[in-house]
Amino acid sequence: LACKDMKYGTALAERLVSDGYELDRCYDAQGVLRLTSRKPFDVMVLDIGLGDEGALDLVTFVRRRMPGVQIILLFDVNRIDQAVEGIRRGAFFYLPNTCPPDDVALVVDKAVNHLSTQNTLNEYEQNLFEETVGGSPAMRRVIELITKVAPTDSTVLLLGESGTGKEILAHAVHRLSPRRDMPFIAINCAALTETILESEMFGHVKGAFTGADADKRGLFEEADGGSIFLDEIGDMSPITQAKLLRVLQNGEIRPVGSSVTKRVDVRVIAATNRDLVEAVQANKFREDLYFRLNVIQIRIPPLRERIDALPALLDHFLKRFNAKFNKDVQEVDPQAQALLQTYAYPGNVRELESIVAHAVIMSDGHTIRPWDLPDYLRQGTGMRLALPYHAGKSIPSIEQMEEQLIRSALEQLDGNQTETARKLGISRSTLWRKMRQYGIADTMPEPDYTNR
């Protein structure tokens, strides 16, 4: 609390302490600089009159030193321009310096809640990044689009193969939006018949069809104020498409068997693994609905197009399944790594998740070996290589892939054999033996193992 008026500052401090806040006080700009150099703060109540014209520079300084701090400005009612400029420089809120302490305390509560929400969202974004991105440049653009469109009410169309994480990203759009505290409801349009899907989406009245023994609220009504995720929307029947279009155009639903419409406020996020442009041209998908959905289109690349994300995704899933199955698997050996790197993952991230779960369960130690992987991966049944080999060229052997892995690791680590062996999960002597086997050691001195 940095307040020029000591009497007012004392009354405000007592009010905040009574609410359970820990508090430090100062009475001039030097005091602000001194306090902020000692420890971080979550919220700062700053009297603009504290430093006269220099107080706004103080806002800029504090925001740079503590980017997460929520600054509440107290301003002279005759200098509203200063308060507005303070907001532009990053302050959270402003109040007249004549406000009762109770009013300031309410804004402090809002600032703390905002900070808590922001921290939760930052953690959520990090988990999202680890689970679907894995450090892949191909997915960074996807996350950029998600974070830009999420705060708006725009419809979003997610395109991608099954298993690429469309529902995870749809949930991210919701969680990063102002609707985050309202319902998020997902429905698979391909899993239900036309009649059942329509009833699930829009509800029905008693007697609308055989078995409709009572009125039922639809998922659009359940999601009112929130978001609804329509997965595999390319499989929706033309009749249901027409009714969905009415929702997008007018914000109205009509339960099956009813003549009465209801207003709903729902954000629609749709996804499909089909080519909707092709479906429109074949008259299997309404063009007007396509344009309503296709305001923001986000294509999620399959895992085979972002195989560079594999190490980070493996690490993420290893941590998850170690905790779930009470295991302590720390690494993947080079041969198992080669098998995983050259698989094309037709089931994408969802399939990789299942593979890692299988391997963690089967592993007897701290390392995943080739025999811990599913049989189809080890035996090459239905296996498609993700490496860019040209048609007609032979498929590399395990030894060739292992050689390439060792060469790449040595190159990345500037020839440091100790660090290379550690990264690959093998001993230095084993690394040296394999380097000699593959002719990599010809220009390198043999290491001295006596001082390991």
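Author: A definition before the sheet: two strands pair if DSSP finds at least two bridges between them. Also, this is a predicted model.

Reader: Fine. What is the strand order in the open sheet, and is the pairing parallel or antiparallel?

Author: The order is β1-β2-β3. The pairing is parallel.

Reader: Which strands stand at the edges?

Author: β1 (43–47) and β3 (93–96) do. Each has a single partner strand, so one side of each has no neighbour in the sheet.

Reader: How many degrees are neighbouring strands turned against each other?

Author: On average 20 degrees, with direction ignored.

Reader: How many bridges join β2 to β3?

Author: Four. β2 covers residues 70–75 and runs parallel to β3.

Reader: Helices now. At what angle do α6 and α7 pack?

Author: About 35 degrees, with the axes 10 Å apart. Helix α6 is residues 137–149 and helix α7 is residues 166–175.

Reader: Which residues make that contact?

Author: From α6, Met-139, Val-142, Ile-143 and Ile-146. From α7, Leu-169, Ala-172 and Val-173. The contact residues divide into seven nonpolar, no polar and no charged.

Reader: And α13 with α14, at what angle do they cross?

Author: Roughly 115 degrees, and the axes come within 11 Å. That is helix α13 (residues 310–325) against helix α14 (residues 334–341). Angles of 65 to 115 degrees count as roughly perpendicular, so α13 and α14 are roughly perpendicular to each other.

Reader: Is the crossing left-handed or right-handed?

Author: The crossing of α13 and α14 is right-handed.

Reader: Which residues meet there?

Author: Leu-310, Pro-311 and Leu-314 in α13 meet Gln-337, Leu-340 and Gln-341 in α14. By type, the contact has four nonpolar residues, two polar and no charged.

Reader: Switching to loops. What is phi at Asn-283?

Author: Positive, about 60 degrees, although Asn-283 is not a glycine. Asn-283 lies in the loop between α11 (276–281) and α12 (287–293).

Reader: Is Asn-283 buried or exposed?

Author: Exposed, because its relative accessibility is 71% and the cut-off for exposed is over 50%.

Reader: What about phi of Tyr-345?

Author: Near 50 degrees, again positive in a residue other than glycine. Tyr-345 is in the loop between α14 and α15 (348–362).

Reader: Why does Tyr-345 count as buried?

Author: Because its relative accessibility is 0%, and buried means under 20%.

Note on methods: Residues are numbered from 1 along each chain as its sequence is written. This is a predicted model: local features need pLDDT of at least 70, side-chain atom pairs count only at pLDDT 80 or more; totals for chains, interfaces and linings use all residues. Side-chain values use heavy atoms; hydrogens and water are left out. Axes are lines fitted to C-alpha atoms, for helices over the stretch in contact, and angles run from 0 to 180 degrees between N-to-C directions. Helices (H or I, at least four residues) and strands (E, at least two) are DSSP runs, numbered from the N terminus. Angles under 35 degrees count as roughly parallel, over 145 as roughly antiparallel, 65 to 115 as roughly perpendicular and the rest as oblique. A crossing is left-handed if the near helix is turned anticlockwise from the far one by less than a right angle, and right-handed if clockwise. Contact means heavy atoms within 4.5 Å. Ala, Val, Leu, Ile, Met, Phe, Trp, Tyr, Cys and Pro count as nonpolar, Asp, Glu, Lys and Arg as charged, and the others, Gly among them, as polar. Buried means under 20% relative accessible area, exposed over 50%, partly exposed in between (1.4 Å probe, protein chains only).
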